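Please open the model in your viewer and keep the selection tool at hand.

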Amino acid sequence: MSGAEAGTQPVTVLETPIHLDYVFTPGIAQSIFLRGLARGVFLGQRCPTCGKVYIPSRGSCPVDGVATDEVVELPDTGIVTTYCVVNVPFAGQAVEIPYTCAQVLLDGANISFMGLIQEVPADQVRMGMRVEAVWVPPDELGPSLASVKYFRPTGEPDALYESYEEYL
Amino acid sequence: MAERCAVVGVGQTLLRSKRDDVSIPGLVREAAKAALADAGVGWDDIDAVVIGKAPDMFEGTMMPELSLAPALGAVGKPMFRVHTAGSVGGSTALVAAHLVAAGIHERVLTVAYEKQSDSDAMWALSVPQPFSAPLLAGAGGYFAPHIRAYMRRSGAPEHIGRIVAVKDRLNALKNPYAHLHLPDIDLKMVEESVMLWDPLRYLEACPSSDGAAAMVLASEGALGSPAFPPAWVHGMAMRSEPTMFAGRDQVSPRAGRECVADVFGQAGVTRPREQIDVAEVYVPFSWYEPMWLENLGFAEPGEGWKLTESGATAMDGDIPWNCSGGVLSSNPIGASGMLRFLEAAMQVRGQAGEHQIDGARLALGHAYGGGSQFFAMWVVGAAKP
């Protein structure tokens, strides 16, 4: 095609969306975590050497290099260690922007994971804020973190900075 | 190091939002040809090629280096691919330098690139997985919470990030290769730019760029007659750590602290702020300047932001950082780390043009990547080590 034709432009870029279906094989440790989510509980694992509780556990302690075979049930409550408010759209985004994406440290865990914070305006989220998990209805529970709808404030006093400083 | 190793040629492409005038092979060849010309050598003089780029998922093409061999004169020669996420440009240069230092090759071409306009980095960095919530929004979404943690830990006032955002963009005006040329940039413009990942605003984040970088590294016996004096490698190291472990310091990772201690130890640097003349450090988000000032030992913990605020890291300060405009002004991801290493070499070779620091003798090149878990650094100098 000639680019000189009225109202036309030469084609320089062609977008070709592709997709890939894959089967995720979680392994023993992550299966424990994912099956816990499917019945609405958080299951972590404790390192026999340092005693730290990992959630989700990859089956071994990254510091000590030993298997974490003791399963520990953790509560639905914890704190926000740090967070950001996402206001940027991208392909495949699952949550409407703006949303608060936080690092949530469950009570009794020694590592945080990413969680959505709702039922509170973004500008009122704080480091150290106490939160609790809100699960999807029982018939919608499944083996993924999609079972947790979001975390919401409990209204308890904030944790002291010194109590979670080492998790930042 | 067994054999001495030096940079004898550097080349980079124009770094732009869209280099739709060239294909990926054309892009890498453009940088490689410039590096060969600067070194005064031809394709036949190269013993091996070491190449790096960001993860293959960005373009959805696995092992692209295989199809790039002809464009890089590598057919029939050893070719080596390096993978360390965003730090890859630095690690790639180090793998090439190791091949020379180990006495395996005399002259190695090293290349790194990204054509972000042909890829989708945001998507590739935000793929949903069952064991994590689908919330991660690209690299900014990952690093913004750690920036907030730094602000809390150090007590730094919120305008510090804006100072870096302005400084690096003003430096970029002196670098014709840089992607962003924003002559009107000031603190107010940064403050009024849209909030993308609170606390990070649009102008406090790096752009998305196309570009490639290349260097020719040579042993002492194969320096040839380059256009500028060689930049000697005085120290080099890589370190990594797991992304997640209990008690991990995500603001000032241990791998970074140990990497710089190793490099400075090799180079005899004990007082970096006095001994290093200029540094090119991987700062993709404004706040990573004060964070890395502390991690790299240029400032005490909690004090990095004061150095930034004082103007010490500006071109007329006592420890200029990112005179080229840095990653904040150009981010062809895979090439970004190599550009830091290359710009450090340009400074000690005296070929940095308008962004040259007069009399620079010793320079630091730095790259980091992944979830701040990969680090690569070198110190290059005008004097033979």
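A residue is called buried here if 20 or more other C-beta atoms lie within 10 Å of its own. The model is a predicted one.

Begin by selecting strand E10 of chain B, residues 362-369. Of its 8 residues, 8 are buried, and the strand is thus mostly covered. In a regular strand the side chains alternate between the two faces of the sheet. Colour B:Leu362, B:Leu364, B:His366 and B:Tyr368, which point one way from E10(B). Then colour B:Ala363, B:Gly365, B:Ala367 and B:Gly369, which point the other way. Both sets are buried.

Strand E9 of chain B, residues 278-280, runs parallel to E10(B) and is joined to it by 3 bridges. Here B:Glu280 stands opposite B:Gly365 of E10(B). Strand E11 of chain B, residues 374-381, runs antiparallel to E10(B), with 8 bridges between the two. Within E11(B), B:Met377 is the bridge partner of B:His366.

Follow the chain from E10(B) into E11(B): the two strands form a hairpin with 4 residues between them. In this turn, select B:Gly370, whose phi is positive, at about 60°.

Finally, turn to the largest nonpolar core, which has 171 residues. Its residues with the most contacts inside the core are B:Val111, B:Ala345 and B:Val380. Helix H13 of chain B, residues 333-349, supplies the largest share of this core, 10 residues. Which residues does B:Ala345 touch, not counting residues up to four places away in sequence? They are B:Val7, B:Val10, B:Met215, B:Ala231 and B:Val380.

Note on methods: Residues are numbered from 1 along each chain as its sequence is written. Chains are lettered from A and ligands numbered from 1 in the order in which they are written. This is a predicted model: local features need pLDDT of at least 70, side-chain atom pairs count only at pLDDT 80 or more; totals for chains, interfaces and linings use all residues. A nonpolar core is a set of buried Ala, Val, Leu, Ile, Met, Phe, Trp, Tyr and Cys residues joined through C-beta atoms within 7 Å. A residue is buried if 20 or more other C-beta atoms lie within 10 Å of its own, exposed if 12 or fewer, and partly exposed in between; C-beta atoms are placed from the backbone. Two residues are in contact if their C-beta atoms, placed from the backbone, lie within 7 Å. Two strands pair if DSSP finds at least two bridges between them.
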